[in-house]
Structures are given as structure tokens and as C-alpha cells.
Amino acid sequence: MRGPPSDANESERGDRVTVAVAQRLEGKIRAHPAVSYTYTSIGAGGTQPVNEGITYVRLKPKGEREVTSIEARQQVREALRNFPALRLSVAGWNAGRAAT
């Protein structure tokens with residue numbers, strides 16, 4: 001996720017806004033029945049700007065969900081359309097395995 005850049009004089013306020021938006025995003029993602037858990041990193045240890053973050057999503061095991069990982073990504077993309085001020089990317093990574 002990437003939010004609008006914040007003014008250097010407003011960096012503390014920008015940090016709070018980024019955290020609040022990330023929490024809303026996580027809530028939307030975790031509400032999906034195929035999602036097991038999420039983890040969000042904002043600013044990545046000082047190497048990313050504080051208006052950028054990454055949310056890792058772990059799906060439930062294949063036998064415990066009713067959709068494939070591809071379908072879950074599509075459904076999450078749709079759910080996140082309510083965040084127009086952000087640039088979002090929903091991608092899959094399965095450590096070299098085919099998405100299921």
C-alpha cells in the first residue's frame with residue numbers, strides 16, 4: 001500500500017494516519033473467510049517511507065477454505081476498492097508452488 005506523501009512538518013500526524021489506514025485495511029482483509037492472519041509492516045525498518053507499507057496475508061489451508069487463492073485475491077481486491085486514496089497491489093506468492 002502507498003498513501004499520499006506527507007509534509008515533513010506533519011510526519012508524526014502522517015504516521016498516525018498511515019497506521020490508522022493500515023488497521024482498516026487489515027480489518028477488511030481479515031474479514032475474508034479464507035484469511036487465517038495478516039501482518040503489516042509500515043516504513044520497513046526505515047528503508048521505506050512512512051506512507052508505504054506491506055501487508056502479508058496467510059490463507060487458511062486449502063481444505064479449510066471454499067475458494068482458491070486466486071479467487072481469494074480477486075475478492076480481496078474488490079473489498080479494497082473503498083480505499084481510493086491508496087495505491088494497492090494484491091499479489092500472490094507461494095514459494096514456487098502453483099497457486100491453489
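Arg-30 is partly exposed, with 44% relative accessible area (buried is under 20%, exposed over 50%, partly exposed in between, with a 1.4 Å probe and protein chains only). The model is predicted: local features need pLDDT of at least 70, side-chain atom pairs count only at pLDDT 80 or more, and totals for chains, interfaces and linings use all residues. Residues are numbered from 1 along each chain as its sequence is written, and side-chain values use heavy atoms, without hydrogens and water.

**Exercise 1.** Find the salt-bridge partner of Arg-30 and describe the pair.

Step 1. Apply the rule: a side-chain nitrogen of Lys or Arg lies within 4 Å of a carboxyl oxygen of Asp or Glu.

**Exercise 2.** Describe the salt bridge of Glu-78.

Step 1. Its partner is Arg-81, at 3.2 Å from N to O.
Step 2. Glu-78 is partly exposed at 47%, while Arg-81 is exposed at 59%.
Step 3. The count of salt bridges is 2.

**Exercise 3.** Classify the aromatic pair.

Step 1. Rings of Phe, Tyr and Trp (its six-membered ring) pair with centres within 6.5 Å; planes under 30 degrees apart are stacked, over 60 edge-to-face, the rest tilted.
Step 2. The count is 1 aromatic pair.
Step 3. Tyr-39 and Tyr-56 have ring centres 6.5 Å apart and planes at 25°, so they are stacked.
Step 4. Tyr-39 lies in strand β1 (residues 35–42) and Tyr-56 in strand β2 (residues 53–59), so the pair links parts 17 residues apart in sequence.

Terms used
Helix = DSSP H or I, 4+ residues; strand = E, 2+ residues; numbered from the N terminus.
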